[in-house]
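This report describes selected features of a predicted model. The sequence and structure are shown first, and the discussion follows.

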Amino acid sequence: MLKIVIDTNVVVSALLSPAGNAAQIIDRVFREDLKPCYCPMILAEYAAVLARPRFVFDAEDQRHLIEGIEKYGVQIEPTPCDIFFADESDRVFYEVAKAADAYLITGNSKHFPDEPLVINPAKCVSLLSVL
């Protein structure tokens, strides 16, 4: 089972585009094909971003998604790193991925170090097709 850390933009994309790659990733989490890794800061960011007024996501859908990630995932303590991040809120996703030896799934790979663990949703879906 692949361990993953899901960047917030992927969670948002999953709710915006139910047929897209991001939604397929969330579906595979709920089918227990993927093991999401998280920490409380990540779950808090999901909740804050999904509740922004510009999104009109159903509150029950938001709750279900976050609770599913928590239920089917594993809480990981981030391993601090000394890498510069233009947006410090991205750091925790990278640190959890490194600590868990997991893939970091993001639609904004430019925000993270250029490493094989940082992949986009399409690459994640393609990895699942060969398992």
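**A buried threonine**

Two residues are said to be in contact when they have heavy atoms within 4.5 Å. Leaving aside neighbours within four places in sequence, Thr106 is in contact with Asp7, Asn9, Val10, Phe112, Val118, Ile119, Asn120 and Pro121. Thr106 is placed in the loop between strand E4 (103-105) and strand E5 (118-119).

The relative accessible area of Thr106 is 0%, and the residue therefore counts as buried, the cut-off being under 20%. Its side chain takes part in a polar contact of 3.3 Å with the side chain of Asn9. The side chain of Thr106 also reaches the backbone nitrogen of Asn108, at 2.9 Å.

**The largest nonpolar core**

In soluble globular proteins, nonpolar side chains tend to be buried together. In this predicted model, the largest nonpolar core contains 47 residues. Helix H5 (residues 91-100) supplies the largest share of this core, with 6 residues.

The residues with the most contacts inside the core are Val5, Ile6, Ile42, Tyr46, Ile69 and Leu104. For Ile6, when residues up to four places away in sequence are not counted, the residues touched are Val11, Ile26, Val29, Pro36, Tyr46, Ile69, Phe93 and Ile105.

**The largest pocket**

The largest pocket holds about 150 Å³ of space. Its lining consists of Asp7, Thr8, Asn9, Glu45, Asp87, Ser89, Asp90, Asn108 and His111. By class, this lining comprises 5 polar and 4 charged residues and no nonpolar ones.

Asp7 and Asn9, among the lining residues, are also among the contacts of Thr106. Asn108, another residue of the lining, provides the backbone nitrogen reached by the side chain of Thr106.

**Positive phi angles in two loops**

Glu32 is not a glycine, yet it has a positive phi of about 65 degrees. This residue is found in the loop between helix H2 (21-30) and strand E2 (34-38). With a relative accessible area of 49%, Glu32 is partly exposed.

Asp101, likewise a residue other than glycine, has a positive phi near 55 degrees. Asp101 lies in the loop between H5 and E4. Its relative accessible area is 68%, so Asp101 is classed as exposed, a term that applies over 50%.

**Lys123 in helix H6**

Lys123 belongs to helix H6 (residues 121-129). The residue is partly exposed, with a relative accessible area of 40%. Lys123 and Pro53 are separated by 70 residues in sequence and by 31 Å in space, C-alpha to C-alpha.

Conventions:
Residues are numbered from 1 along each chain as its sequence is written. This is a predicted model: local features need pLDDT of at least 70, side-chain atom pairs count only at pLDDT 80 or more; totals for chains, interfaces and linings use all residues. Side-chain values use heavy atoms; hydrogens and water are left out. Helices (H or I, at least four residues) and strands (E, at least two) are DSSP runs, numbered from the N terminus. Buried means under 20% relative accessible area, exposed over 50%, partly exposed in between (1.4 Å probe, protein chains only). A polar contact is a pair of N or O atoms within 3.5 Å; within protein, one must be able to donate a hydrogen and the other to accept it, and residues adjacent in sequence count only if both atoms are side-chain atoms. A nonpolar core is a set of buried Ala, Val, Leu, Ile, Met, Phe, Trp, Tyr and Cys residues joined through side-chain atoms within 4.5 Å. On a 1 Å grid over the protein atoms alone, a cavity is a set of points where a 1.4 Å probe fits but cannot get out, and a pocket is an open set with protein on both sides within 12 Å along at least five of seven lines; lining residues have an atom within 4 Å of a point. Grid points are joined across faces, edges and corners, and a volume is the space filled by probe spheres set on the points. Ala, Val, Leu, Ile, Met, Phe, Trp, Tyr, Cys and Pro count as nonpolar, Asp, Glu, Lys and Arg as charged, and the others, Gly among them, as polar.
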